[in-house]
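Visitor: Can you walk me through how some helices pack here? Keep it simple, please.

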Amino acid sequence: MTDKTATPEQMDGPVLKVTDLTQQVNLEADTLTILQGVSLEINRGESVAIVGRSGSGKTTLLGLLAGLDTPSHGEVELEGRVISRLSEDERAALRARRIGFVFQSFQLLPALTALENVMLPLELAGSERADGKARELLERVGLGDRLRHTPRQLSGGEQQRVAIARAFASEPAILFADEPTGNLDNRTGRSISDLLMDLNHEQGTTLVMVTHDEQLAGRCQRRFSIEAGIVTEPGAEAHTEVVN
Ligand SMILES: Nc1ncnc2c1ncn2[C@@H]1O[C@H](COP(=O)(O)OP(=O)(O)OP(=O)(O)O)[C@@H](O)[C@H]1O
Ligand SMILES: [Mg+2]
């Protein structure tokens, strides 16, 4: 297995520190600002929900937090390392060792079976138990009888569960999930929420999730709202007022 131990300086301070993050894209006529001056800190082991309307910038924010993309301005510091100062290879290595990501569009490899999709990150990490571990994870998401199906042969909700099992496989320190229950019925969604919360409690995994699912958001310790690229933490404002 890969070495998951963080150095002492990585253990101190927030696991994620975001300073004045701005994301803009140049369109033909003008510049579109997708995120505007986002600053926040997330501590190790916290569970965080990010909620907001369609098009408010949630997926863009999550991608920047996970180092999948680089911002126009501002910084993302992950376990004490400024992501934008790392090379492409260093970012990829950091993601492989420390980060799990469940994409809104799943992004499973179409030629591989469910089992092979989940085994892949384990094999890349040199795990000797890739097959057994991947089977266990797929059973936990209720897909023990779909191991040999390719993504095309799976329903949307089933693909979502494979994507979740794959993100769990490398036991990430931080799990980012974009609408992890978005395609699931209430009951399946509830069992996936349970699984996410178990991971948070049992392994101390920091959870950062975009969700429209009130039930899931309600189980998170913190909630950020995003509107037109501006992020607020409504619960924390009340707290600040008390302190001041
Ligand atoms: N590369 C891009 N070029 C132009 N516009 C973009 C680009 N990426 C995102 N946008 C725009 O930025 C806005 C935010 O997109 P984003 O995908 O972050 O929204 P979201 O909050 O995740 O929405 P949803 O809930 O529908 O998934 C959208 O209006 C989108 O059209
Ligand atoms: Mg989105």
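Guide: First, a term. Axes are lines fitted to C-alpha atoms, for helices over the stretch in contact, and angles run from 0 to 180 degrees between N-to-C directions. Helices (H or I, at least four residues) and strands (E, at least two) are DSSP runs, numbered from the N terminus. This is a predicted model: local features need pLDDT of at least 70, side-chain atom pairs count only at pLDDT 80 or more, and totals for chains, interfaces and linings use all residues. Residues are numbered from 1 along each chain as its sequence is written, while chains are lettered from A and ligands numbered from 1 in the order in which they are written.

Visitor: At what angle do helix 4 and helix 6 cross?

Guide: Roughly 20°, and their axes come within 8 Å. Helix 6 covers residues 156-169. The two helices are therefore roughly parallel to each other (angles under 35 degrees count as roughly parallel, over 145 as roughly antiparallel, 65 to 115 as roughly perpendicular and the rest as oblique).

Visitor: Which residues make that contact?

Guide: Helix 4 brings A114, N117, V118, P121 and L122, and helix 6 brings V162, A165, R166 and A169. Two residues are in contact if their C-beta atoms, placed from the backbone, lie within 7 Å.

Visitor: And how does helix 4 pack with helix 5?

Guide: Helix 4 (residues 114-124) and helix 5 (residues 130-140) pack at about 125°, with axes 9 Å apart. Helix 4 and helix 5 are therefore oblique to each other.

Visitor: Which residues meet there?

Guide: From helix 4, A114, L115, V118, M119, L122 and E123. From helix 5, A130, D131, K133, A134, R135, L137 and L138.

Visitor: Which residues of helix 5 are buried?

Guide: A130, A134, L137 and L138 are buried in helix 5. A residue is buried if 20 or more other C-beta atoms lie within 10 Å of its own, exposed if 12 or fewer, and partly exposed in between, with C-beta atoms placed from the backbone.

Visitor: Where do they sit around the axis?

Guide: They cover an arc of only 100°, which puts them on the same side of helix 5. The arc is that of the directions from the helix axis to the C-beta atoms. The buried residues pack against helix 4 and helix 6.

Visitor: What follows helix 5?

Guide: G142, with a positive phi near 80°.

Visitor: New topic. Is S54 buried or exposed?

Guide: S54 is exposed, because 7 other C-beta atoms lie within 10 Å. S54 sits in the loop between strand 3 (47-51) and helix 2 (58-65).
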